[in-house]
Amino acid sequence: MVTGRVTDASVVVGPGIWRFGWGPDDHDALAGAVAAGHVIECGTHATGGNFSGFMDLPRDARPLGFPIAELHADGSSVITKHPGTGGTVTIDTVTAQLMYEIQGPVYDNPDVRTDLRSIELSGDGRDRVRISGVTGSAPPEQLKVATNTLGGHRNQMEFVLVGLDLDAKEAWLREQMDAALADRRPAEVVWTRGPDPAADADTEEGAARRVRCVVKDPSAEVVGKAFTAAGVELALASYPGFTLTAPPGKPSPFGVYRPAYVDRNQVHERVLVDGVEIGEAS
Amino acid sequence: MSTSRVPLGTFVHARSGDKGGNANIGLWVRQDPTGSEDPERRSARIDWLLGFVTTERVRELLPETAQLSVVVHPLANLGGVNVIVEGLLGDGVAASTRFDPQAKALGEWIRSRLVDVPDELLDPTPS
């Protein structure tokens, strides 16, 4: 199945509608499919990847298996994975993905609102977890639109400060950089630092504080060489032990994401097969 | 009631991520992977977690959130809560200057924070 941009869970809901003939009012079945879709949409996130219980996993070089949702006509499902693959499917790995990137107890999808508080998880054998009891209600009147605009350009430098007098080294560095950037100061200049080393460290990296300068500006020029040259030119002219964690890089453009909403009656879905329009979406 | 000062993650799992400029952390009580679990203790752990994670507590454990809106949604059926921190990630991952601009490791950070847990909820320490 090939589609344009759709919500992550819709990649499972769509086949469910096709296979089981669900209509727009089959809220519970749709909600169950959304739950199953949400669980498998991030692949190995459901089979032990990015999992805080990783100490209980078999940890070896095998790639983690991708999850499979066995979807039923009532919208319930069993989450599993191919035998012989890495990782595992447990109530906790499934819960981890249910909890991921949600905005509260109700999860909105263009076809249904899923009540996450209704979800029941149970073991169904090794690496098999059943999702059942999911209830849903009519979808919101407004559809979510993901908008992205060009925000500008960004760049960064990470300075390494080692050993004694770290606060003074950092203060001098920042004063010099501020002065060097004064003529065309980037719209945003953000300084952050890594953890402070313990005294008397027995490795050089253990004796280091990393100080990061991130800059953003509508103009690539302002955060390009004008910025990196200012930093690099301090290499022989600033605090002792000056070094960077990376050579100066080019600026990169960044986008700003904002969700927006549109009345669903403003959106007309069309399906074309080989250029011929079929059916009409309700 | 006696308590011990242990990492929040001792029996609590976490998964965190982004939703635009907001960060999201799920926290829930772990299930014993061997399947041998005292259901009463699990239930007691969940009750404790539901009461423990509040807006004030999150702001305390994650000082970076102190000035932000923090909303805690209970999800008792999943054994825990979902926490939303508004605005932690600015204008979203591409624009954010935050170390960890997608809040991928926010959950691991909060699990590492030391908290006072009633001893009856903890596994007995081998003597």
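How much space lies in the second largest pocket? I will answer that first, then go to the contact between the chains, one arginine, and a pair of helices. Please keep in mind that this is a predicted model.

The second largest pocket holds about 670 Å³ of space. Its lining is made up of 31 residues. Nearest the centre are A:Thr88, A:Val89, A:Thr90, A:Asp127 and B:Pro33. Two elements of chain A give two or more residues to this lining, namely strand S2 (77–81) and H3. Sorted by class, the lining has 13 polar, 10 charged and eight nonpolar residues.

Next, the contact between chain A and chain B. Chain A brings 38 residues to it, and chain B brings 36 residues. The size of an interface is often given as the accessible area lost when the parts come together. Here the buried area is about 2,900 Å², and carbon and sulfur atoms give 52% of that. On the chain A side, A:Ser52, A:Asp92 and A:Met99 supply 23% of the area that chain A buries against chain B, more than any other three residues.

A:Asp92 comes up again when we look at B:Arg30, which touches both A:Asp92 and A:Asp56. Where is B:Arg30 placed in chain B? It sits in the loop between strand S3 (22–29) and helix H1 (39–52). B:Arg30 and B:Arg42 are 12 residues apart in sequence, and their C-alpha atoms are 8.4 Å apart.

Last, the helices. Two packed helices are described by the angle between their axes and the distance between the axes. In chain A, the axes of helix H2 (residues 27–40) and helix H3 (residues 91–98) come within 8 Å and cross at roughly 100°. An angle of 65 to 115 degrees counts as roughly perpendicular, so H2(A) and H3(A) are roughly perpendicular to each other. Which residues meet there? From H2(A) they are A:Ala35, A:His38 and A:Val39, and from H3(A) they are A:Val94, A:Gln97 and A:Leu98. Of the residues in this contact, four are nonpolar, two are polar and none is charged.

Notes
Residues numbered from 1 in each chain as written. Chains lettered and ligands numbered in written order. Predicted model: local features only at pLDDT ≥ 70, side-chain atom pairs only at ≥ 80, totals over all residues. Heavy atoms only, no water. Axes fitted to C-alpha atoms, helices over the stretch in contact; angles between N-to-C directions. Helix = DSSP H or I, 4+ residues; strand = E, 2+ residues; numbered from the N terminus. Parallel < 35°, antiparallel > 145°, perpendicular 65-115°, else oblique. Contact = heavy atoms within 4.5 Å. Nonpolar A, V, L, I, M, F, W, Y, C, P; charged D, E, K, R; others polar. 1 Å grid on protein atoms, 1.4 Å probe; cavity = no way out; pocket = protein on both sides within 12 Å on 5 of 7 lines; lining within 4 Å. Points joined across faces, edges and corners; volume = space filled by probe spheres on them. Buried area = accessible area lost by both parts, 1.4 Å probe. Lists of a residue's contacts leave out its neighbours within four places in sequence.
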